[in-house]
Amino acid sequence: MQIITISKPQVISRWAGQRNNWFAIGLGYVGMLLCLLIIGLPVYWMIIGAFKNTQEVYRIPPTWIPAEPTLANFGNAWNSAPFGRYYINTLITTIFGSTFEIFFAVTSAYAFVFLRFPKKDWLFLVLLATLMVPGQVTILPNFLTVSRLGWVNSYQGIVIPGASVAYGTFLLRQYYRTLPIEILDASRVDGSGHLRTLWAIVLPLAKPAIVSFALLSIVSKWNDFLWPLIVTNTRDMRVLPIGIYWLLVEEGTIDWGVVMAGTLFVVLPVVLVFLYAQRYIVDGIAAGAVKG
Amino acid sequence: MQLSNSLPKSEVINTRRRQTSASERREWLLFALLVGPNLFLFGLFTYWPLIYNTYLSFVRWDMLAPVKIWVGLGNYRFLFASPGFAKILSNTVVFTFASVLLTCALGLLIALLLNQPLAGRNAARSIVFSPVMLSGAAIGIVWIYIFDPRYGLLDIFIRFVGLRSPNWLLDTNWAMPAVIIVYVWKNVGYAVVIYLAGLQAIPRELYEAALVDGASAWARFRRVTIPGLSPVIFFLVLTTILAGFQTFDVIKVMTDGGPVDATTTLIYYLYQEGFVGFNAGRAGVAGVVLFVAMLAFTIVQMRYTERNVNYA
């Protein structure tokens, strides 16, 4: 109590001191505006590009607002590449890939925190060490493995090699350890088994952490590029990021309006998820740094 | 009497021990069921490939022939003697060093700014962070359009200050800076989020104490903020180094490693040798070099963190 009463007036004086410094505040807003312009303008450029007709895209100097906004680019992009198929492929690989990751993270973390096993801390290090092995280093042997399994150009070929999860296990393990142990003990007394405890008690309590990790997982699966590029070689198995790359390559004489419409197809679902759930995403990213 | 008394006692102890070990064994089984698949997949798709990749770096193989020819250190000797590979290593270092430095420095600047009590700072934080979430391939493509020397967004500004736009992605001198700009633009928001979390974890009393002592803004930054942020800074430097080494999508989409080899980094070279050139041995070497570099950075970082970082 004493500490609080002492520190309070000092807090006020600190903020008051800053409030009086109009120059610093002005500078702060200028800086913020600059940040927003630098981050925002390229995004703006992508969006208006998608609404410009072919002549306007090639007008010098470029226009800031589409003079004759058109929706034709979206139709042209949709027709020049099988975006419907790309969406289905990306949805399937994202849903399955993330479900695996979330399931493994939730269950592995529970086991590491609440179950006894000889040398389990050592096992946890084995799991954690994989964070240091970039997926990139393993692409060649993994491609050989996947082709031996006959999984090239298949959903399981895209999904399974990336199904295991270390970061999520780490994140949820951190979170589970902060749960009030009394609640868990009470459930143990009730005689409910571990799986019931996991389902009925730990899952609801850990929901914020699980949602955070789930969103990170979904976004990274959606954007995954290198592995799907390697493991698929037919048009009908491409996912969205690969599809947009081939739209760029195949549209030899690039119509930027069409290509920008295509990139919007890729980016838009993620933007919607982000607008809806950004707090969880940001929490999930920050949790790894500060607590770890 | 004594005998008959002691016998049941020991029996009780024995059965109890057997019971706990039985329940413990049930826990072991459940543990194995829950963790097993996860670890198995890591074994199959992370640890085994790591070993196999090292093996591949010692053979000559076109990924089709039934036999792999053992060449020992031949691939290493060839690559480390070739100027092309030296260029690739230097590209990797330049790309990673520049993108880490810029991401971490600009990120800190922006985080300090958005930590101030400015109206709308929450919205600004989300906007700055949003590119992190977007597909690198899509972002790379948007930036090709932005860099276009005649119809691009950047040219408007370059012309405004009276200069002429370089032919960014077709110029061996400008392609690398262009790729770095895109990387930093896309990832600076990640650093901002991490820094902001770190800034909020610094106890406010430290600032108050410094103010009472009459410390200037710079002194507070130097003596409170930086030491308070040090664990976060080290975490960020490591994660951005690792991410920088692995950057593929932006480079593949924007420059395809070119022009000539101006933006060919190790990971791009690995892809190129393995999946276009079908030279498993050389791709293997690139993988080993990449892994050893990342491992070295991780170990150095962990050592240094233990010794020098101030966990406030």
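Predicted model: local features only at pLDDT ≥ 70, side-chain atom pairs only at ≥ 80, totals over all residues.
## Overall shape of chain B

Let's start with the outline. Along the principal axes, its C-alpha atoms fill a box of roughly 110 × 75 × 35 Å.

Chain B holds 12 helices and two strands. In chain B, 40% of the residues count as buried. If you take the contacts in chain B between residues at least 6 apart in sequence, 69% of them join residues at least 24 apart.

## Two domains

Chain B splits into domain 1, residues 2-56, and domain 2, residues 79-308. The C-alpha centres of these two domains of chain B are 44 Å apart. Where they touch, four residues of domain 1 of chain B are in contact with six residues of domain 2 of chain B. On the domain 1 side, those residues comprise two nonpolar, two polar and no charged.

## Meeting chain A

Now for the partner chain: 80 residues of chain B make contact with 73 residues of chain A. On the chain B side, helix α1 (residues 2-56) is the biggest contributor, with 19 residues. By type, the chain B side consists of 59 nonpolar, 14 polar and seven charged residues.

Leu118(B) gives a close-up of a contact between the chains. This residue sits in the loop between α3 (83-114) and α4 (121-129) of chain B. Apart from neighbours within four places in sequence, Leu118(B) is in contact with Gly28(A), Tyr29(A) and Met32(A). Leu118(B) counts as partly exposed because 15 other C-beta atoms lie within 10 Å, a number between the limits of 12 or fewer for exposed and 20 or more for buried. From C-alpha to C-alpha, Leu118(B) is 51 Å from Glu273(B), and the two are 155 residues apart in sequence.

## The largest nonpolar core

The largest nonpolar core contains 163 residues, and those with the most contacts inside it include Leu172(A), Val179(B) and Leu290(B). Helix α7 (residues 175-201) of chain B gives the most to this core, with 16 residues. Both domain 1 (2-56) and domain 2 (79-308) of chain B contribute residues, so the core lies between them.

For a look at one member, find Val179(B). Setting aside residues up to four places away in sequence, Val179(B) touches Phe95(B), Val250(B), Ile251(B), Met254(B), Thr255(B) and Thr263(B).

Notes
Residues numbered from 1 in each chain as written. Chains lettered and ligands numbered in written order. Contact = placed C-beta atoms within 7 Å. Helix = DSSP H or I, 4+ residues; strand = E, 2+ residues; numbered from the N terminus. Nonpolar A, V, L, I, M, F, W, Y, C, P; charged D, E, K, R; others polar. Core = buried A, V, L, I, M, F, W, Y, C linked by C-beta atoms within 7 Å. Domains from an automatic or database assignment.
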